[in-house]
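Colleague: I'd like to learn how to read a model like this one. Could we go through it together?

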Amino acid sequence: MDRIPILRMGDYLLVTIQVDMHDQLAMTLQDDLTTAVQRTGAKGVLIDISALEMVDSFIGRMIANLSRMARILDARTMVVGMRPAVAITLVELGMSLRGVRTALNVERAMEMLQVASANGHAAMGEGTDDRRPD
């Protein structure tokens with residue numbers, strides 16, 4: 001069975017999506033990622049989509065769902081490596097990816113996550129009210 005690797009980098013997890021996603025792979029990734037966040041106590045998750053040339057509504061929903069799941073487990077999510085064409089496609093599909101933070105590269109995302117951790121997540125524009133929808 002195919003799996004997307006999840007690498008630990010200190011207090012953070014790095015997920016690099018380099019293959020076309022299908023329903024079963026997305027479900028496996030959700031299970032693997034939530035288990036890894038819980039097991040490691042990760043403070044953040046970086047989802048690298050730089051290898052994806054195209055993102056459809058399925059991938060957009062999957063990224064948003066992964067972010068919400070990680071947030072419930074007290075880990076913040078950053079999506080890195082989004083190509084301009086991918087951003088244009090997401091906007092054209094009407095997908096805002098609400099609650100998903102982005103950075104141009106892994107280094108910048110790590111900086112943002114570290115600052116957010118030090119400032120109680122306020123640096124990522126997140127409040128302390130857990131009732132606020134994503």
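Colleague: Let's start with Ser 67: which residues is Ser 67 in contact with, leaving aside its neighbours within four places in sequence?

Modeller: Contact means heavy atoms within 4.5 Å. By that rule, Ser 67 touches Thr 77, Gly 99 and Val 100, once neighbours within four places in sequence are left aside. Bear in mind that this is a predicted model, where local features need pLDDT of at least 70, side-chain atom pairs count only at pLDDT 80 or more, and totals for chains, interfaces and linings use all residues. Residues are numbered from 1 along each chain as its sequence is written, and side-chain values use heavy atoms, with hydrogens and water left out.

Colleague: Is Ser 67 buried or exposed?

Modeller: Buried means under 20% relative accessible area, exposed over 50%, and partly exposed in between (1.4 Å probe, protein chains only). Ser 67 has 4%, so it counts as buried.

Colleague: And where is Ser 67 found?

Modeller: In helix α2, residues 57-72. Helices (H or I, at least four residues) and strands (E, at least two) are DSSP runs, numbered from the N terminus. The buried residues of α2, Ser 67 and Met 62 among them, pack against α1, β3, β4 (76-80) and α3.

Colleague: How many Å should α2 span?

Modeller: Take 1.5 Å times one less than the number of residues. For the 16 residues of α2 that gives 22 Å, and the end C-alpha atoms are 22 Å apart, so the two agree. After the helix comes Asp 74, with a positive phi near 70 degrees.

Colleague: Which residues have the most contacts inside the largest nonpolar core?

Modeller: In soluble globular proteins, nonpolar side chains tend to be buried together. A nonpolar core is a set of buried Ala, Val, Leu, Ile, Met, Phe, Trp, Tyr and Cys residues joined through side-chain atoms within 4.5 Å. Here the largest has 30 residues, and Ile 17, Met 21 and Met 62 have the most contacts inside it. At least two residues of this core come from each of β2 (12-16), α1 (23-40), β3 (44-48), α2 and α3 (84-92). There's also a second, separate core of 10 residues, including Val 106 and Leu 113.

Colleague: What is the mean pLDDT of the chain?

Modeller: pLDDT is the predictor's confidence in each residue, from 0 to 100. The chain's mean is 85, and 89% of its residues reach 70 or more. Over residues 126-134, though, pLDDT is below 50. Where pLDDT is low, the predicted coordinates should not be read in detail.
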